[in-house]
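Trainee: Can we go over the charged pairs in this one? I'd like to see the model before asking anything.
Mentor: Here it is.

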Amino acid sequence: MKYLLTSGGIKNTSIHNALIDLLGKPIAESSALCIPTAEYGHPMCTPTSAWRFIAGQTPASMCDLGWKSLGVLELTALPSIGEERWVPWVREADVLLVGGGDPLYLCYWMRQSGLADLLPSLRREAVYVGVSAGSMVMAPNVGEDFVGWKPPTGGDRALGLVEFSMFPHLDHENMPDNSLANAEKWAAGIQVPAYAIDDQTAIKVTDGTVEVVSEGHWKQFTP
């Protein structure tokens, strides 16, 4: 599976072009499933914000890009309906669009639902696109600063499907805690390579090769 890990969605031409490159075909010919689950774990998110993500009515442009088809995959529902139903939906999709919210809540339900185990087996052409928490969950760890919803096992461990961690929304005007100074403090507690990225930046991962795609600013940290 290929990854496009964004802070703020498909915000500019460079990130948009990176998405099309990963898909290998136009967006209008691609089928998508959107995953809003992370919203429900974050205290600032609501049922309204979850609907806005699905409806493409948020600044994080993802679901409103003109997909051939768009469905909703709610992870909390999957354990009750059986893999024989939902696994084919995921295998047939060209792209998964994974929304923001709480990364550890999302991680928990990715594991509980079985999606975390399925992702590495998806066809090479499939693309995972994350925004904020939807990107952070791919890391080995999210860092103590991003532990909000606490998993039963404790800690800050995430899925580890990529080999770096992310600090999103760098220097965002509405998020004063997401300053570069705080990103540097966060990175000091991360034991893998890490990136602080703003909403005009994304990280593209293909066959283990990592490429930063940006029309904004970002910083890489090494452990």
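This is a predicted model: local features need pLDDT of at least 70, side-chain atom pairs count only at pLDDT 80 or more; totals for chains, interfaces and linings use all residues.

Trainee: Is Lys204 buried or exposed?
Mentor: Lys204 is buried, with a relative accessible area of 11%; buried means under 20%, exposed over 50%, and partly exposed in between, with a 1.4 Å probe and protein chains only.

Trainee: Which side chain meets Lys204 in a salt bridge?
Mentor: That of Asp21, at 2.6 Å from N to O. A salt bridge here is a side-chain nitrogen of Lys or Arg within 4 Å of a carboxyl oxygen of Asp or Glu.

Trainee: How many salt bridges by that rule?
Mentor: The count is 5.

Trainee: Next, where do Asp94 and Lys25 lie?
Mentor: Asp94 is in the loop between helix H3 (83-92) and strand E4 (95-98), and Lys25 is in the loop between H1 and strand E2 (31-35), so their pairing ties together parts 69 residues apart in sequence. Helices (H or I, at least four residues) and strands (E, at least two) are DSSP runs, numbered from the N terminus. The N to O distance in this salt bridge is 3.3 Å.

Trainee: Which residues are linked in a network of salt bridges?
Mentor: Lys25, Asp94 and Arg123. Asp94 is buried at 12% relative accessibility, while Lys25 is partly exposed at 29%.

Note on methods. Residues are numbered from 1 along each chain as its sequence is written. Side-chain values use heavy atoms; hydrogens and water are left out.
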